[in-house]
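Subject: Structure handover

Hello,

Here is the structure I said I would pass on. My notes on what was found in it follow below.

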Amino acid sequence: MHSVCYVWGTGSLSEKFVDRDWPFEINAFVDPNKTGSFLALPVISPEQLAGKRFDLLVISSSFVSEIAARLGSLNIDLNKVFVFKSSVLELIPLSEFVEIQGGKQYHLPWRSQLNRVHNSLSSDIVFPDVYQELAKSVGYAHIASVEGDLAEFGTCSGFTASLIAYSIQYYSDNLGKHETIHGQEPRKLHLFDSFEGFPESTQEADINSPHVQSGAWGEGTARGLNEQELVSLCSQFLSKERIKTYPGWYKDTLQIIEADTRFAFVHIDCDLYESTIDVLKHLFSERLISEGAILLFDNWFCNRASDSYGEQRAWSEICSMFEIQHTNLGMYACVGNRIVVHDYNKRITK
Ligand SMILES: C[S@@+](CC[C@H](N)C(=O)[O-])C[C@H]1O[C@@H](n2cnc3c(N)ncnc32)[C@H](O)[C@@H]1O
């Protein structure tokens, strides 16, 4: 059966939308401020749309809330309306969006959004326990009043970053007063990635590791969302002003962290020994790790749990270097490990 489809929006998002192979043809575009044609198809007004019969209307614009309100006032059947989410390149029913912040924005419920990201990965690297543990640890940092922001090293698909973003907003909403009493500013999320996948391994501890030997952690693998896509995904949960991205290799981008930054939570998901040691050496030597900070190592037990490789080796060297007093909270998910830092020798520099 031939479907009648209209697309609301004549911007770059619509160009991205038509680039994909959809199982339907587009009849026309809808735009309240434009007439004529767009991408060789007619552009009609919302009022003209209201007089037409159609099977599918795609919102291809970031003004989902405003457009949804306009459609409501034109008595258009919202069950036929879908939103094009460029971050996951999918059509999502408008009915799955929830209204928040006084009706000004529509946000997709986080679980549904994360499931979509997860499904679009066609990979088994993420598990429900990972996001439960991350969410709990974001909660720990807030409830235990550990000073500072949150950071992730290794963003790739944005799956864990978006979960952390969601959790920060959740705890900010629920513990705002508690945070203010403890003098805590609204917490930011700092996201670090090359956006080019893994670097080439240069250290023996990486070159000889089973995961590098097998090619699983080879140069250029684990390349995921680009910076803009990552921000667009995470800002569905946490406002853009509270998200800071650092594109590039850690050894370079660590240098631009502002000196008065402190971290209450660090998610280390960069797997390699060299990447991890670069991160830890900088964070501890610059005294950026707060008392009580929680460090989550996503790949601690990779490489057959050997302490000769990866995150585990990096931590053991950093521990001796900075005389770190800590509690090892133990394994989570399949290969992760959590640690809380109590104190360390702050006189040691790189
Ligand atoms: C396993 S993936 C992260 C998975 C991610 N947390 C997710 O939810 O999909 C590892 C990431 O670390 C990044 N990475 C590893 N070493 C890096 C380095 N030295 N500098 C910058 N990025 C690095 C890679 O680009 C890759 O995106």
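How many residues does the largest nonpolar core have, and which of them have the most contacts inside it? The model is a predicted one, and in this model the largest nonpolar core has 64 residues. Leu150, Phe263 and Ala293 are those with the most contacts inside that core. Helix H6, residues 159-181, supplies the largest share of the core, with 8 residues. Apart from this core lies another one of 20 residues, including Val30, Ile59, Ile67 and Phe97.

With its neighbours within four places in sequence left aside, alanine 293 is in contact with Val146, Phe263, Ala264, Phe265, Val266 and Val341.

Now the overall layout. The chain has 350 residues, and buried residues make up 41% of them. Its secondary structure comes to 12 helices and 16 strands. Taken along the principal axes, the C-alpha atoms fill a box of roughly 70 × 50 × 30 Å. Among contacts with a separation of 6 or more, 69% are between residues 24 or more positions apart.

The domain assignment gives domain 1 as 5-108 and domain 2 as 118-343. The centres of the two domains, taken over C-alpha atoms, are separated by 36 Å.

Next, one of the sheets. An open sheet is formed by 7 strands in the order S3-S4-S2-S1-S5-S6-S7, with mixed pairing. Its edge strands are S3 (37-38) and S7 (90-93), each of which pairs on one side only. Strands of a sheet pair through backbone hydrogen bonds, either parallel or antiparallel. Strand S1 (residues 5-8) and strand S2 (residues 28-30) run parallel and are joined by 3 bridges. In this pair, tyrosine 6 of the chain stands opposite alanine 28 in S2.

Two residues other than glycine have a positive phi and may be worth a look:

- Leucine 39 has a phi near 50° and sits in the loop between S3 and strand S4 (41-44). Leucine 39 counts as partly exposed because it has 13 C-beta neighbours inside 10 Å.
- Glutamate 323 has a phi of about 50° and lies in the loop between helix H12 (310-322) and strand S15 (325-332). Glutamate 323 is exposed because 12 other C-beta atoms lie within 10 Å, and a residue with 12 or fewer counts as exposed.

Is aspartate 55 exposed, partly exposed or buried? Aspartate 55 is partly exposed, since it has 13 other C-beta atoms within 10 Å. Its place is in the loop between helix H2 (46-50) and strand S5 (56-59). Leaving aside neighbours within four places in sequence, aspartate 55 is in contact with Ser3, Val4, Cys5 and Lys80. Aspartate 55 and isoleucine 181 are 126 residues apart in sequence, and their C-alpha atoms are 53 Å apart in space.

Last, the ligand. There are 20 residues around the ligand, and Gly154, Cys156, Ser157, Phe159 and Ser275 come nearest. The shell around the ligand divides into 9 nonpolar, 8 polar and 3 charged residues.

Regards

Conventions
Residues are numbered from 1 along each chain as its sequence is written. This is a predicted model: local features need pLDDT of at least 70, side-chain atom pairs count only at pLDDT 80 or more; totals for chains, interfaces and linings use all residues. Two strands pair if DSSP finds at least two bridges between them. Helices (H or I, at least four residues) and strands (E, at least two) are DSSP runs, numbered from the N terminus. A nonpolar core is a set of buried Ala, Val, Leu, Ile, Met, Phe, Trp, Tyr and Cys residues joined through C-beta atoms within 7 Å. Two residues are in contact if their C-beta atoms, placed from the backbone, lie within 7 Å. Domain bounds come from an automatic or database domain assignment. A residue is near a molecule or strand if its C-beta atom, placed from the backbone, lies within 6 Å of it. Ala, Val, Leu, Ile, Met, Phe, Trp, Tyr, Cys and Pro count as nonpolar, Asp, Glu, Lys and Arg as charged, and the others, Gly among them, as polar.
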